[in-house]
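Colleague: I would like to learn how to read a protein model one feature at a time. Please give me the general idea first and the case in hand second.

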Amino acid sequence: MKLIRRLLDRLHPSFGKGGKYEKLYPLYEAVDTFLYTPGTTTSGPSHVRDGIDLKRMMITVVVALIPCIGMAMWNTGYQANLYIAGNAAAEVVGWRHDVLLALGLTHDPGSFLANVIYGALFFVPVFLVCNIVGGMWEVLFAVVRRHEVNEGFLVTGMLFPLILPPTIPLWQVALGISFGVVIGKEVFGGTGKNFLNPALTARAFVFFAYPGNMTGDNIWIALQLRSMDGVSAATPLGELAVAQPVENAMAVVTQADHLGIDWMQTFLGTIPGSMGETSALACLIGAAILIITGVGSWRIMLSCVVGALALSSLFHAMGSSTNPMFQLPPWWHLTIGGFAFGVVFMATDPVSAAMTETGKWFYGLLIGVMTVLIRVVNPAFPEGVMLAILFANVVAPTIDYFVVQANIKRRLARNAA
């Protein structure tokens, strides 16, 4: 480490003011501060010191995402290997299949290593594209604006792959992350000035621009087959949206011949879906890390859950003879789809969420209510958490405004008395 430190110190004059590569100083500064604590100190009057900064906050989020990342790789491989094991006609081809065989492994769903490696061969390329392309945009804007490269893009590059299906084309990943970073963040001034979550903005772009690669039954199983036209694997939400109404939605889920899952599977995450958001358990572990470290707001998480449970309980009590989503028990809404992942990692984004403590309660309630409202009332769009959070991002400043104004009025009333 001392060798690297000496090397960076020797390079500093070339990138510093008046140096040959002065315009590329943000790139040098990004490498330096990523590896070491910044050498600059604050001068002047007394100031507040805190052990947390942007870098440590982002690293904490990445650590909290580790369970979801591990689950993304394992479950992606597990779903593919499970399909192969149950379909003798499935003739797998492609370089990922060749790599698995070269390692002496087979498509055995009971093999933890085979599942993780095969899933990683789908997840890692998406992850690399997100970080390379997103990082290039971050560096470009930092150089043009002459400010430091913020570590925020590392979290965006980690979140975005986790909310994508395994079969997403890499060029669409590059377009999506470009839209999320540039339009969702940089045009507003960069990290800390964006009012929309960049990862969700990127997903919304890909979802509406290329819906065939983001929805349907043929995108959730990571396979390249020679002898079959496609692979059908519906997600629980997609299945429920088109199911026939029965006495209760539990029967819809468990009696579907080609789905056949129970609530515990949705909690653990052993179901088809976006790579990193299927496991509510992994999200709960991440939530515990964020809450203990103070990085994520427990008020937002709790109010999201309360809002979703309240409205889904109301719909469940009302029932419907035409819409099976009315019959879905409230606790299913917490584990299927991307609700748990969105609540823990997207809704708590400190930049795009409500800032005031009271506002966080209203902000979270809005997300929970909107998610269930979109899922239940609009069966054509079974997943609602993405749009719910983006909508809440837009109104978060308004929520904070009214909370602040109400507090001012209370203070004025006390002083007048």
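Colleague: Among contacts in the chain between residues at least 6 apart in sequence, what percentage join residues at least 24 apart?

Modeller: Contact means heavy atoms within 4.5 Å. Among contacts between residues at least 6 apart in sequence, 72% join residues at least 24 apart. Before going on, note that this is a predicted model, where local features need pLDDT of at least 70 and side-chain atom pairs count only at pLDDT 80 or more, while totals for chains, interfaces and linings use all residues. Residues are numbered from 1 along each chain as its sequence is written, and side-chain values use heavy atoms, with hydrogens and water left out.

Colleague: How many helices and strands does the chain have?

Modeller: Helices (H or I, at least four residues) and strands (E, at least two) are DSSP runs, numbered from the N terminus. Here the count is 17 helices and zero strands.

Colleague: What percentage of the residues in the chain are buried?

Modeller: Buried means under 20% relative accessible area, exposed means over 50%, and partly exposed lies in between, with a 1.4 Å probe and protein chains only. Of the 417 residues in the chain, 51% are buried. For the surface, accessible areas come from the Shrake-Rupley method with a 1.4 Å probe, and for residues only the protein chains shown count as cover. The chain exposes about 19,900 Å², and carbon and sulfur atoms supply 66% of that area.

Colleague: Which residues have the most contacts inside the largest nonpolar core?

Modeller: In soluble globular proteins, nonpolar side chains tend to be buried together. A nonpolar core is a set of buried Ala, Val, Leu, Ile, Met, Phe, Trp, Tyr and Cys residues joined through side-chain atoms within 4.5 Å. The largest one has 80 residues, and Leu65, Phe160, Phe341, Phe345 and Tyr363 have the most contacts inside it. Helix 17, residues 385-416, gives the most to this core, with nine residues. A second, separate core has 13 residues, including Ala80, Leu100, Leu105 and Phe122.

Colleague: Which residues is Phe341 in contact with, leaving aside neighbours within four places in sequence?

Modeller: Phe341 is in contact with Leu65, Cys68, Leu159, Leu162, Ile163, Gly276, Glu277, Cys283 and Met346 once those neighbours are left aside.

Colleague: Which residues form the nonpolar patch on the surface?

Modeller: Patches are made of residues with over 30% relative accessible area and no salt bridge; like charges are joined within 9 Å, and nonpolar side chains (Val, Leu, Ile, Met, Phe, Trp, Tyr) within 5 Å. This patch is formed by Ile291, Trp298, Leu302, Val306, Trp361, Phe362 and Leu365, with about 610 Å² of accessible area together. Helix 13 (298-318) and helix 16 (357-377) each supply at least two of its residues. Leu365 is in helix 16 and is partly exposed, with a relative accessible area of 34%.

Colleague: How many residues does helix 16 have, and what does it reach from its first C-alpha to its last?

Modeller: The expected span of a helix is 1.5 Å times one less than its number of residues. Helix 16 has 21 residues and reaches 30 Å, close to the 30 Å expected. Its buried residues include Tyr363, Ile367, Met370 and Val372. Val369, also found in helix 16, is partly exposed at 32% relative accessibility. Its contacts, leaving aside neighbours within four places in sequence, are Gly307, Ala308 and Leu311.

Colleague: How many salt bridges does the structure hold?

Modeller: Side chains of opposite charge can pair when their charged atoms come close. A salt bridge is a side-chain nitrogen of Lys or Arg within 4 Å of a carboxyl oxygen of Asp or Glu. The structure holds five. In one of them, Glu186 pairs with Arg145, the closest N and O atoms being 2.8 Å apart. This pair links distant parts of the chain, 41 residues apart: Glu186 is in the loop between helix 7 (170-182) and helix 8 (198-209), and Arg145 is in helix 5 (residues 112-145). Glu186 is buried at 1% relative accessible area, whereas Arg145 is partly exposed at 33%.

Colleague: Why are Lys360 and Glu357 separated by about one helical turn?

Modeller: An α-helix has 3.6 residues a turn, so residues three or four places apart point the same way. Lys360 and Glu357 are separated by about one helical turn because they are three residues apart in helix 16. Their side chains meet in a salt bridge, 3.4 Å from N to O. Arg299, Glu357 and Lys360 are linked in a network of salt bridges.
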